[in-house]
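Me: I would like to go through this structure by question and answer. Please end each reply on the value or name I ask for.

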Amino acid sequence: TRQALGTVAFDYSTTTVEAGVPFPVTVELRDAAGVISPGIGGTLTFAKHSWTGCNNGGTLAVVNGASSTTATVVDGRATVWLTFSAPCAACRFSVLVSHQASQEALLGDLAFDDIKRQVVSKPVVVRARLAGSATAVYDATS
């Protein structure tokens, strides 16, 4: 029997970052039992989520993705490095998950009942970059 996609979960280690400094975000596709779904792939599209608490944040970019707004999920999980270009008191970002119809046979026990699913982060404080701070380099192995 096929199970529906239960959740799209993401985790990031901090809720305060510096503008222009990449920070890691891990996205996991889980089934109804909360298990990461191996074998599933897809595309993640990231965007700055506009809401009343956001006071700019500039642009949001994916540093290590397929493009400046997308990344690829492999075996139900992806770690991406994001960066905001300007300070913001409470910015949020959204993640839109989609898979290609040709991947249907690869999904095994996981069924995408809805082909696309969007989730929104908790607020992130984006501080101005401190003068003299080192340039951050993302770790491509994580």
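Me: Is F93 buried or exposed?
Reply: This is a predicted model, in which local features need pLDDT of at least 70, side-chain atom pairs count only at pLDDT 80 or more, and totals for chains, interfaces and linings use all residues. Residues are numbered from 1 along each chain as its sequence is written, and side-chain values use heavy atoms, with hydrogens and water left out. Buried means under 20% relative accessible area, exposed over 50%, and partly exposed in between (1.4 Å probe, protein chains only). F93 has a relative accessibility of 0%, so F93 counts as buried.

Me: Why does the pair of Y12 and F93 count as tilted?
Reply: Rings of Phe, Tyr and Trp (its six-membered ring) pair if their centres lie within 6.5 Å; planes under 30 degrees apart count as stacked, over 60 as edge-to-face and the rest as tilted. The centres of the Y12 and F93 rings are 5.5 Å apart. Their planes are at 55°, so the pair is tilted.

Me: How many residues apart are Y12 and F93?
Reply: Y12 is in the loop between strand 1 (3–11) and strand 2 (16–18), while F93 is in strand 8. Strands are DSSP runs (E, at least two residues), numbered from the N terminus. The pair links distant parts of the chain, and the separation is 81 residues.

Me: Where is S94, and is S94 buried or exposed?
Reply: S94 lies in strand 8 (residues 88–98). Its relative accessible area is 4%, so S94 is buried.

Me: Which side chain makes a polar contact with the side chain of S94?
Reply: Contact means heavy atoms within 4.5 Å. Leaving aside neighbours within four places in sequence, the residues in contact with S94 include T45, F46, H49 and Q118. A polar contact is a pair of N or O atoms within 3.5 Å; within protein, one must be able to donate a hydrogen and the other to accept it, and residues adjacent in sequence count only if both atoms are side-chain atoms. At 3.2 Å, the partner of the S94 side chain is that of Q118.

Technical notes
Helix = DSSP H or I, 4+ residues; strand = E, 2+ residues; numbered from the N terminus.
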